[in-house]
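Hi everyone, thanks for making the time today.

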Amino acid sequence: MPGIEKLPIEETLEDSPQTRSLLGVFEEDTAAMSNYCTQLYQAMQRIYDAQNELSAATHLTSRLLKEYDKQRFPLGGDDEVMSSTLQQFAKVIDELSSCHAVLSTQLADAMMFPITQFKERDLKEILTLKEVFQISSDDHDTAINRYSRLSKKRDNDKLRAEAVEDVYTSRKKQHQTMMHYFCSLNTLQYKKKTALLEPLLGYMQTQISFFKLGSENLTQQWEDFLGTIGTSVQNVRREMEEEVGQMQQTIQDMERSCDPLYAPCDPDPSHSPVCRNLTRKQGYLYIRNKTGLVSSSWERQYFFTQGGNLMQQGRGEVAGGLVTDLDNCSVMAVDCDDRRFCFQVTSFDGKKVVTLQSESRKDCEEWISTINNISKRIYLSENAEELAARVNQSALEAVTPSPSFQQRHESMRPSSKGRAGRASSISSVGSEPSPALSVLSLDALVDPETPIQFDIISPVSEENSGQSKTAAQSGRRSNPFGESGDSTSEDSEDSILHQLFIVRFLGSMEVKTVESIDVISETMRQILAARAIHNIFRMTESHLLVTCDCLKLIDPQTQVTRLRFPLSTVVQCSSHQDNKRLFGFVLQPAGGRGDSRAVCYIFESNNDGEKICDSIGLAKQIAFHSEMDRKAVEKRKEQDKAKEKQQEELSKQRQIEKDLEEQSRLIAASSRPANLPGSDGQFLVLSNSQSEDSDAGEEGKKKGESEA
């Protein structure tokens, strides 16, 4: 029969807020039907009581008429005509009394019994099932809360087994009760039609039968109409019986198929593998809400994804509310001291962090994979699940070792030698792909068997060891815990450029060459694929400080320098072609280009990766110009020192000349013979002229020697 609404029994196990809302509508309909049925029952009870009263009154009248002859009236007691007339009336009224008695019996069977049975049995059964369902739902909530409060530190097998058994029993009881409750509510949609039509049909049929006993006033048209109604009632009853059979069969099938789902965690992970191709997911999760500076509370809510948003909805709520935007967000599994199977969703700007808890590890991994797929905006495509499957398949194939380089590109080997003289530069992968990529094998860029480092280990990094050696040689004390020393801070403070970026470390691995611009994109592919296959979603967040001297990875909480990369060792830096938030750079040790131990570091930033690459390129340019200026200043200083040295030599030479002149004068004066006595003026003139001649000769001689 069209127009019959039904509750979906298949969704009873999920117990979503939408199902609860639809159940509330059915319960309101049941309450309204119960109220209306009570009023109709009272009205029909009055008809039945009135009919019984009429039948009793008619029978009493007939009996009194029959007893007229036995009455002793003072006047006219022997009236035979009156007596015989009353006897005839008594006979007719007695027949009418019999008809009314039959009518009362028929009303009790055809009118009162169906509506009484519907009121006392069906409606009360639904009310009982409602109470049982509410009790089982409360028991399930208590059991799931007890299971979720299991501590990770104080893990007790007995308590965990009891909690799992309690969840299994309560969930199974709730599921079974809910299915039978839904079945009763669906059956009520049919029964309420029959409960209204059958009493009226019985009432009309009894009335027709009653009137047929006394008269043939009812026409064939009324009989056909009532016959049609009777046929419709039979059809509804037949359809109801078929639907009840199907619902009972569905309940049995659901009980058999859903038995493994009653437990919160699957004991056999291979029985239900993790699906990583989802772009939509819904289910109950616990969300951590901060209640103070240090304290927090967990609340169980129904979460679902809607487009690129994560929504939550509580029981009894009509619609859900926005939790966070999933576009370009980051998600990773986290360890909580008081909860298990937790993961954390961080918004694209890093301002909002949501911590959630799922029931099992499988559910946690599926939520993480779904949010990752939504973060990549796969849901915007037409075939989202197929695209997600292809992306995951390509991630699985990414770490599969490729065929040998000699087998595939033996003829192309000489062409790769022409790239050995390429100068290092800051480039972007977002441009057109390199023409050498079609010639040069990917195995020549990154070795698939190279180990990948997924976390930052400061104390054993080679950069820090090299710094410690340099510091030891220079007589400065180094910090063994990777913290920056005084010399580093002084260098960074003297730098012209200071730019800080929030980044998350994805991984690093050694590369075979630093000449190809495709080595960074291939390293990104290898690291992302390895993270997807090994389910590594945790990332270390750091602050990347770009200066003209070096690149620093700083701990955002302790402000301790985790790693320091001299800017001179950065030979390449580029971002991903499609996802601009991914970027990386290649470090070449100080040994030169011939050293094969070059390392490529891959990061994810909250900003555009190209901006970071441009900042590093600007830093290298500033460092280059600073180095050129420093060399020019040193060269100028050397020239000034040479000039000063030359002036000092000239001054020394002049002083020597003066000393020689003075000595020559003294020698000339001592070796000159004594002059004859004469006038003092003549003697003085001669001696002066001779001394001048001797001085001029000495000066000419010294000048000639100096010129020679």
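**A walk through the strands, cores and helices**

Let's start with strand β1, residues 282-290, which is joined to β2 by nine bridges, with the two strands running antiparallel. Please keep in mind throughout that this is a predicted model.

Moving along, β2 covers residues 296-306 and is linked antiparallel to β3, residues 309-313, by five bridges. Threonine 305 is found opposite leucine 310 of β3. Which residue takes a positive phi in the hairpin of β2 and β3? That's glycine 307, with phi near 70°, in a hairpin that has two residues between the strands. From β3 we go on to strand β4, residues 321-325, again antiparallel, with four bridges. Glutamine 312 has glycine 321 in β4 as its bridge partner.

Now for the cores. The largest nonpolar core has 33 residues, and those touching the most other members are Leu23, Phe118, Tyr181 and Leu185. Helices α1 (17-66), α2 (80-148), α3 (157-214) and α4 (220-257) each bring at least two residues to this core. Which of them gives the most? It's α2, with 11 residues. As general background, nonpolar side chains in soluble globular proteins tend to be buried together.

Let's zoom in on tyrosine 181. Setting aside neighbours within four places in sequence, tyrosine 181 contacts Leu23, Glu27, Ile126, Leu129, Lys130 and Phe133. Apart from this core there is another, with 31 residues, including Ala143, Phe303, Cys336 and Ile374.

Next, the other sheet I want to show you. Seven strands form an open sheet in the order β11-β10-β9-β8-β14-β13-β12, with antiparallel pairing. At the edges are β11 (561-566) and β12 (570-575), each pairing on one side only. From one strand to the next, the twist averages 30°.

Within that sheet, β9 (residues 540-546) pairs antiparallel with β10 (residues 550-554) over four bridges. Valine 546 has leucine 551 as its bridge partner in β10.

Two helices pack on this sheet. Helix α10, residues 519-533, touches β8 (499-511), β12, β13 (582-587) and β14 (598-605), and its direction makes about 85° with that of β8. Helix α11 packs there too, touching β8, β9, β10, β12, β13 and β14, at about 155° to the direction of β12.

Finally, a word on confidence. The mean pLDDT of the protein is 76, and 76% of its residues reach 70 or more. Among the elements, β3 has the highest mean pLDDT, 92, while helix α7 (residues 405-408) has the lowest, 36. Over residues 398-441, pLDDT stays under 50, and the model has 63 contacts beyond four places in sequence for that stretch. Residues 674-694 are also below 50, with three contacts in the model beyond near neighbours in sequence.

Notes. Residues are numbered from 1 along each chain as its sequence is written. This is a predicted model: local features need pLDDT of at least 70, side-chain atom pairs count only at pLDDT 80 or more; totals for chains, interfaces and linings use all residues. Side-chain values use heavy atoms; hydrogens and water are left out. Two strands pair if DSSP finds at least two bridges between them. A nonpolar core is a set of buried Ala, Val, Leu, Ile, Met, Phe, Trp, Tyr and Cys residues joined through side-chain atoms within 4.5 Å. Buried means under 20% relative accessible area, exposed over 50%, partly exposed in between (1.4 Å probe, protein chains only). Contact means heavy atoms within 4.5 Å. Axes are lines fitted to C-alpha atoms, for helices over the stretch in contact, and angles run from 0 to 180 degrees between N-to-C directions. pLDDT is the predictor's confidence in each residue, from 0 to 100.
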